[in-house]
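Please examine the sequence and the coordinates shown here before reading the explanation.

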Amino acid sequence: MSGYILRRLLWAPFVLLVVSFVTFFLGLYGPGDPVEVRLGQRYEPELAERLRHELGLDRPVGQQYLEYVRKVVRGDLGESIKFRNRPVAELIFDRIGVSVQLGLVSMALSLAIGIPLGLIAAMHQGRWLDTAIVSTTLLPSAISVFVTIPVLFLVFVRTLKLLPAGGWGGIFDVHIILPAVTLALAGTAGVTRMMRASSLEVVGQDYVRTARAKGLPERLVVGRHILRNALIPMTTVVMLSLGSLVEGAFIVEGFYGVPGIGALALDSISSRDYPVLMAISLIVALSFVVANLAADVVYSVVDPRIRYR
Amino acid sequence: MGSRRLVAILVGLIGLLVVAVVIVAVMVTGGGTGTTPAAETGPTGPTTGGGELRLIGSDPPTLDPAVSEDADSASYIVEIFSGLVTYEMAADGKMSIVPDLAEKWDLSADGRTYTFTLRAGARFHDGRPVTAQDFKYSMERAMKPATLSTTADTYLGDIVGAQQVLTGRATSAVGIEVADDRTLRLTIDAPKPFFLAKLTYPTAFVLDRTNVESGRTWTSRPNGTGPFKLIEWQLGQRIVLERNPNYYRGPVQLQRATFLLAAGASMTMFENNEIDVTGVSSFDIDRVTDPTNPLSKQLITCPGAALGCPQFDIFYVSFNTRTAPFDDPNVRKAFVRSVNVEQIANVVLRGLYVPAKGILPPGFPAYNSALKPLGFDPEAAKAALAASRYGSAAGLPRIVLTLPGGGATAPGSVEAILEQWRTNLGVDVQVQQVEFATFLSQLNRGAYGLFSLGWIADYIDPHDFLDILFYSQSNQNHPGYRNAELDGLLEQARTERDEATRIRLYQRAEQLIVDDAVWLPLWHTKQYVLVSQRVKGYRVPPFVIPSLKDVSVGR
């Protein structure tokens with residue numbers, strides 16, 4: 001197992017190198033130029049040349065890339081082109097933290113709603129409750145956030161005036177409720193369906209039949225045997241989706257004024273802020289690598305039958 | 001399963017969700033309304049007197065005045081820093097240059113040397129007196145290549161010796177002289193009446209050398225001279241300004257201004273009393289202007305407009321006068337005369353903007369109410385096209401209108417222009433929207449034959465529109481327009497010291513541009529702003545100037 005983890009960890013730098021290479025060259029050879037964006041309509045060729053020189057953008061591309069990689073290895077993500085004299089790390093880490101907080105809360109909500117509903121649906125397979133749960137949870141995920149946001153907004157902000165319209169105050173602040181619920185509504189269907197499917201698989205197993213046959217109360221059969229075993233595939237799903245938390249949720253963040261990474265990522269594309277763009281790509285890639293590895297490890301822990309070599 | 005049962009379950013689940021949200025909301029807010037302003041307490045403790053103004057803002061790319069080049073940055077910088085002179089808006093909306101840190105200035109007989117006397121009470125936030133040496137340091141720092149200022153040449157480039165510093169051939173500009181601690185002399189290369197206007201821009205603001213040299217992130221703790229101090233800047237979250245006790249005019253009334261940098265739906269936030277000021281989008285304008293709606297009483301009115309606050313800007317369609325078919329003035333005239341701009345502004349844009357007759361916005365120096373636009377005349381448009389070397393619409397090459405932006409459809413106003421070209425001229429113009437960075441890149445290479453864009457004033461002088469945008473040697477002359485007569489007028493106006501003559505020169509220049517159909521001028525925008533009734537003294541200027549120093553907030 002430790003050998004497997006070590007091998008996976010050794011691969012991580014190569015994955016990051018490929019991601020950085022592709023992002024770097026796509027950005028550089030794509031249309032648009034950070035200097036021209038900065039100068040806007042006040043473009044002057046001599047000034048642009050001077051700026052390019054000062055920013056190091058007039059050096060050979062390969063040299064720029066190698067320099068970038070060298071800096072990243074030393075832990076320096078560079079400075080933003082748009083936000084002058086701002087280290088990229090300072091710009092993005094707080095925002096990633098916000099996106100992760102929002103993502104974790106919405107995921108917790110999805111799991112808290114989806115797991116019991118999925119289990120109940122499986123226990124009532126084919127009956128009206130099963131159909132009702134599956135269709136009800138599918139409804140919000142089938143509807144775009146462009147619809148759920150205004151509806152939630154209308155009810156909780158404008159009509160009931162229970163929640164603030166926008167802003168951010170951290171994980172224990174009232175501002176997190178609406179964006180987290182919006183994201184959770186979309187995610188609950190997936191959790192419910194997966195939990196239902198995995199529970200159905202377990203329900204038919206011999207050990208469940210045996211538990212029932214030996215007269216174990218139904219709540220213990222469900223709690224000890226069905227729920228526990230049905231949760232095993234869920235851990236993979238949860239661990240894998242942890243990687244996507246750092247990406248942020250641009251629409252939801254933008255609408256509710258959550259200072260997550262989504263808006264900055266888009267802004268860095270439109271302003272051709274390469275250092276910020278590169279850093280976000282690398283961190284997202286790294287989080288997926290780590291999440292995949294964590295999923296494998298956790299899976300082997302919760303299911304002792306699984307062994308990696 | 002019965003459908004009634006299903007409906008009941010759906011309703012039940014939605015009800016459960018509502019209850020869950022309500023419970024969490026009550027738990028988190030401790031039974032409050034949940035609309036407590038985020039900045040009620042801060043690093044300096046609770047607000048005492050003067051009140052707190054809560055606004056929506058965005059992260060400024062920089063708070064260094066020397067490199068500031070965008071409106072977001074400038075809107076904070078003008079509150080934290082200041083310069084020799086500034087703009088003041090009179091009650092009738094007129095903008096004039098007034099002394100700021102300089103208490104007066106004298107202009108030499110040849111119109112080239114300005115001698116500024118600094119106020120005895122001019123101090124930085126930390127209480128240190130501002131000296132002429134501070135100004136010399138700040139201006140020369142802005143000019144030095146290492147500062148990477150993209151605005152220093154525009155705003156300080158007229159000073160004698162500035163070009164040497166800008167290109168790294170000198171470290172000091174001979175045109176900036178310190179006579180004594182309170183006397184600064186600026187000598188420019190020619191008598192340019194608009195030079196003083198340029199000094200109102202942040203590039204010419206004064207900085208504290210010790211503060212600037214304290215580290216690359218000095219702007220996180222700027223020691224400025226403006227009416228407010230920066231006390232908190234949480235990236236992406238909020239910026240908090242607090243009144244400066246050492247301000248030369250004495251502390252302003254407003255205790256604190258909190259800018260929420262990541263706010264979402266600002267209209268609803270305003271209606272929920274989460275913020276005190278908000279812009280109004282075209283989606284909300286009807287209900288906001290409805291006199292039966294209490295919000296209508298909170299809509300700011302500005303001098304010279306029944307509704308909204310006019311801005312010093314212009315939006316236009318420009319022709320590339322160097323490439324076919326728009327190198328033919330008759331084709332340009334046909335395209336201009338076939339569009340009823342007034343109708344589009346009134347119908348499609350519902351009268352929210354001011355239709356443009358010429359280039360300069362109403363209220364701007366040299367604005368000419370007697371200017372003769374080519375005017376909407378479909379018959380004249382067809383005649384112009386017939387007189388062109390193409391003869392008719394059928395003879396024209398494929399024409400594409402390019403505009404910055406995204407999305408599958410063009411804005412309604414653009415669709416209306418295309419439709420009028422189609423109907424009145426028989427020309428089917430195609431439209432392409434290009435992402436902004438790519439748009440700029442292609443624009444600078446003269447790649448577009450027909451494009452739509454806007455221009456916002458940097459300083460209040462006709463030079464900023466007519467000379468910058470239409471002088472043949474200007475880099476911002478995107479139409480590539482060349483007209484020796486116009487160049488002569490613009491060159492003469494640059495150094496003309498008699499104000500009346502100068503205005504006449506610019507008015508003649510503007511008429512020439514309009515007559516030659518270099519642009520199809522569209523409209524000047526207006527800002528619609530709601531301000532809470534507890535806020536007094538908040539005004540919306542046509543241009544970025546310090547606007548919080550006269551604000552007070554009641555309970």
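The paragraphs below treat the interface, the nonpolar cores and some local elements.

This is a predicted model, in which local features need pLDDT of at least 70, side-chain atom pairs count only at pLDDT 80 or more, and totals for chains, interfaces and linings use all residues. Residues are numbered from 1 along each chain as its sequence is written, while chains are lettered from A and ligands numbered from 1 in the order in which they are written.

Between the chains, 54 residues of chain A are in contact with 50 residues of chain B (C-beta atoms, placed from the backbone, within 7 Å). On the chain A side, these residues comprise 26 nonpolar, 12 polar and 16 charged; Ala, Val, Leu, Ile, Met, Phe, Trp, Tyr, Cys and Pro count as nonpolar, Asp, Glu, Lys and Arg as charged, and the others, Gly among them, as polar.

The largest nonpolar core has 212 residues, and Ile92(A), Met143(B), Leu156(B), Ile460(B) and Ala509(B) have the most contacts inside it. Such a core is a set of buried Ala, Val, Leu, Ile, Met, Phe, Trp, Tyr and Cys residues joined through C-beta atoms within 7 Å, where buried requires 20 or more other C-beta atoms within 10 Å of the residue's own. Beyond its neighbours within four places in sequence, Ala509(B) contacts Leu466(B), Leu486(B), Leu489(B), Leu490(B) and Ala493(B).

In chain B, strand 6 (residues 176–180) and strand 7 (residues 183–187) pair in the antiparallel sense over four bridges; strands are DSSP runs of E, at least two residues, numbered from the N terminus, and pairing needs at least two bridges. A hairpin of two residues joins strand 6 of chain B to strand 7 of chain B, and Asp180(B) stands opposite Thr183(B).

Notes
Buried ≥ 20, exposed ≤ 12 C-beta atoms within 10 Å, placed from the backbone. Contact = placed C-beta atoms within 7 Å.
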